[in-house]
Amino acid sequence: MADQAIFGIIGNPLAHSLSPVMHNAAYREMGFNGHYVTFEPGNLRDIIDMIRERNIRGVSVTLPFKEAVLDLMDDLDSNALRIGSVNTVTNRNGRLLGSNTDWLGLIQDIRDRFEIMGKTVAVLGAGGAARAAVYAIHLEGGSPVVVNRTAARGENLATEFGCAFLPLSEIGVVDASGLINTTPVGMMPHEDESPVPARALRRFGWVVDIVYNPPFTRLLKEAREKGCKTVDGIGMFVNQGAEQIRLWTGKEAPRGLMRRVVEEELRRRSEVKDQDV
Ligand code: ATR
């Protein structure tokens, strides 16, 4: 397998990551001789050196390294620079390019469903995922409002992107067309939690949760009950991965298949979990 292209993911922990199964299924379907592995680094710089030395063609970057990896890149694309986080590294003959496909993955999934241009969209959270969402809404011609539990962090993000801020405790008065949750609240194993009281959801026409495990979070269930349209996080996850594959191979990835593989794997894992109980 001398010509096989090696890709991977840097993060910690990675035991639950769906990226390897999704990427490997995509390469198989594309007939592309590639293999995607996990790198759980002790030392991030050592892994980055190894990527250069072993000619690893590309890596995904996930928690908690998306910001730290930015300073270790040779080049950055304008999206990564503006968002301040790198989820994709591309090895171009030993020079590492850092880019960000999270914002694109999100906007590709929602732009055909909801009108963003000229609309106000509440973005819940103030971490890296929130930055990608705020950036995406801006680029699409919408007005993001940052809503966050910790005021200082939310205000900083809002100031940086020139948008409004409201503390989470005041979400009941937000006047916005849609809501995007970028916090991890509601993610396994805390499926019984929601970041927003149900009574505050009626104001939104639509609610997007970037959490994809479980796909149907408590937030989305309650949003449906209040009459909101809902979108889970699987589409964004698939799209950000498909955009990575496009950067690394120059080819369009099989998004439908990738989605089916992710859904199947989530189902399989939840069944295994139920059997454990
Ligand atoms: P990421 O880079 O993935 O976005 P992060 O930087 O850890 O992750 O940011 C997580 C976001 O989720 C933060 O905005 C955090 O709010 P604080 O700034 O107040 O910490 C938010 N968050 C996490 N747990 C939360 C909870 N239980 N309720 C409300 N917000 C929460």
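Modeller: A salt bridge is counted here when a side-chain nitrogen of Lys or Arg lies within 4 Å of a carboxyl oxygen of Asp or Glu. The model is predicted, with local features needing pLDDT of at least 70 and side-chain atom pairs counting only at pLDDT 80 or more, while totals for chains, interfaces and linings use all residues. Residues are numbered from 1 along each chain as its sequence is written, and side-chain values use heavy atoms, with hydrogens and water left out.

The count of salt bridges is 18. Two of these involve E265: E265 pairs with R268 at 2.8 Å between the closest N and O atoms, and with R269 at 2.9 Å. Helix α9 spans residues 255–276 (helices are DSSP runs of H or I, at least four residues; strands are runs of E, at least two; both are numbered from the N terminus). E265 and R268 are three residues apart in this helix, about one helical turn; R269 and E265 are four residues apart, also about one turn. E265 is buried, at 13% relative accessibility (buried means under 20% relative accessible area, exposed over 50%, partly exposed in between, with a 1.4 Å probe and protein chains only). R268 is partly exposed at 44%, and R269 is partly exposed at 25%.

Elsewhere, D75 and R95 form a salt bridge with an N to O distance of 3.1 Å. D75 is in strand β4 (residues 75–76) and R95 in strand β6 (residues 95–99), so this pair ties together parts 20 residues apart in sequence. D75 is partly exposed at 23%, as is R95 at 45%. Finally, a network of salt bridges links E243, R246, E252 and R255.
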